[in-house]
Amino acid sequence: MPRLFTALEIPRNAAMSLSLLRGGLPGARWIDVENYHITLRFIGDVDGRTADEIVERLDRIERPEFQIKLDGIGAFGSKKPHSVWAGVTPNPEMYALQGEIERICQRVGLSADPRKFMPHVTLARLKSSRLDDVAHYLSGRGNFQTSLFTASRFVLLSSRESVGGGPYLTEEVFPLHEVRSFPAVSSKDVHPVKSMV
């Protein structure tokens, strides 16, 4: 069974902005543009029955779509950096969706995710990058940000590569509900009802 995880997709225009951050860091293995995503919950290697149960429960999620903005970059591994990422502006709807997926995974018998959810897009994995090179790379790109984009669905992805970084296959798609905005009614549009008495 392939490794499974749930994620939010990155639309093409935001992915192209991220691709401009590639290069300029010795020892970096850059993630392919088509593999950019925001991981919501790593599920891992599970048997077919468990995978089916997870899909069935994820399919019942009823949540609204929401806006996302990528903002800033950083690195994981303070003394020995192992990856470079783009940050995601905190959004309550995204955290609520992630929390619901986490609860579903625990209900089907998976262990709680030991890591605190920190939404990000991995840009590169670092093998032998020096701390100074990473600091220099980050300092020149700290003001990175994208325009807002809408997360209208989340996906279940699989990876058959043991190295990480793709290629990923979309196994299932779960739509989020469109948020309809109703025109505001102003008080001058409300007319008192005239009595016939």
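Is phenylalanine 154 buried or exposed? Phenylalanine 154 is buried, with a relative accessible area of 1%. Buried means under 20% relative accessible area, exposed over 50%, partly exposed in between (1.4 Å probe, protein chains only).

## Basis

This is a predicted model: local features need pLDDT of at least 70, side-chain atom pairs count only at pLDDT 80 or more, and totals for chains, interfaces and linings use all residues. Residues are numbered from 1 along each chain as its sequence is written, and side-chain values use heavy atoms, without hydrogens or water.

## Sheet

Four strands form an open sheet, ordered β3-β1-β9-β10, with antiparallel pairing. At the edges lie β3 (37–45) and β10 (168–175), each pairing on one side only. Strands are DSSP runs (E, at least two residues), as are helices (H or I, at least four), numbered from the N terminus. Two strands pair if DSSP finds at least two bridges between them. Strands β1 (residues 3–9) and β9 (residues 153–159) share five bridges. Leucine 4 has serine 158 as its bridge partner in β9.

## Aromatic pairs

The whole structure holds five aromatic pairs. Rings of Phe, Tyr and Trp (its six-membered ring) pair if their centres lie within 6.5 Å; planes under 30 degrees apart count as stacked, over 60 as edge-to-face and the rest as tilted.

Tyrosine 95 and phenylalanine 117 are edge-to-face, at 5.3 Å centre to centre and 75° between the planes. Tyrosine 95 lies in helix α3 and phenylalanine 117 in the loop between α3 and β7 (120–126), so the pair ties together parts 22 residues apart in sequence.

Phenylalanine 154 and phenylalanine 174 are stacked: 4.9 Å centre to centre, 25° between the planes. Phenylalanine 174 is buried, at 3% relative accessibility.
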